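Load the model in a viewer and keep the sequence panel open. The stops below say what to select and what is there.

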Amino acid sequence: MKLIIAAIKPFKLEEVREALTKLGVSGLMVTEIKGFGAQAGHTEIYRGAEYEVNFVPKVKLEIVVPSDLADQVVETITQASRTGKIGDGKIFVLDVAQAVRVRTGETNQDAL
């Protein structure tokens, strides 16, 4: 099993969710986050005062999938979240040692 962590632009969330659902992904976790990378923030003006925004709002997706589906999920997230502009996000793939469905006690791929 693989854990896929993706940080994407918030307005792309629904498009990514729809694409993953079509691929057969049955669930994911979403967290609102702030961060910076190559984009490194920007300057905004509020009530006439200029200030630096160092952390940019993003959405973090966490998805656990069978190993054989991981590459397709990464490609789907990449295609659905890409705008071609700086700050499109990052995707990380990690190994998952164990998964348990709390309600039934099912483990590993049966728990997905």
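Select N108 to start: is N108 buried, partly exposed or exposed? N108 is partly exposed, because its relative accessible area is 31%, and the classes are buried under 20%, exposed over 50% and partly exposed in between, with a 1.4 Å probe and protein chains only. The residue sits in the segment after β6 (89–95). N108 is not a glycine, yet its phi is positive, about 50 degrees.

Before moving on, note that this is a predicted model, in which local features need pLDDT of at least 70 and side-chain atom pairs count only at pLDDT 80 or more, while totals for chains, interfaces and linings use all residues. Residues are numbered from 1 along each chain as its sequence is written, and side-chain values use heavy atoms, with hydrogens and water left out.

**Whole chain**

Zoom out and colour by secondary structure. The chain has two helices and six strands, in the order β-α-β-β-β-β-α-β from the N terminus. Helices (H or I, at least four residues) and strands (E, at least two) are DSSP runs, numbered from the N terminus.

Show the C-alpha trace, which spans about 55 × 25 × 20 Å along the principal axes of the chain. The radius of gyration is 17 Å, whereas a compact globule of 112 residues would have one near 13 Å; this radius is taken over C-alpha atoms, and the globule rule is 2.2 Å times the number of residues to the power 0.38.

Buried residues account for 29% of the 112 residues.

**Nonpolar cores**

Select I63, V65, V73 and I77. In the largest nonpolar core, which has 15 residues, these four touch the most other members. Such a core is a set of buried Ala, Val, Leu, Ile, Met, Phe, Trp, Tyr and Cys residues joined through side-chain atoms within 4.5 Å. Two or more residues each come from β1 (2–8), α1 (13–23), β5 (56–65) and α2 (70–81).

Centre on V73. Which residues is V73 in contact with, leaving aside neighbours within four places in sequence? They are I4, L20, L23, V25, I63 and V65, where contact means heavy atoms within 4.5 Å.

Next select M1, L3, I5 and A111, which are among the six residues of a second, separate core.

**Helix α1 at L13**

Move to L13, in helix α1. L13 counts as partly exposed because its relative accessibility is 24%. Beyond its neighbours within four places in sequence, L13 is in contact with I8, V30, V59 and L61. Draw a C-alpha to C-alpha distance from L13 to I45: the two are 27 Å apart in space and 32 residues apart in sequence.

**The loop at F55**

Last, select F55, in the loop between β4 (49–53) and β5. With a relative accessible area of 47%, F55 is partly exposed. Not counting residues up to four places away in sequence, F55 touches K34, G35 and F36.
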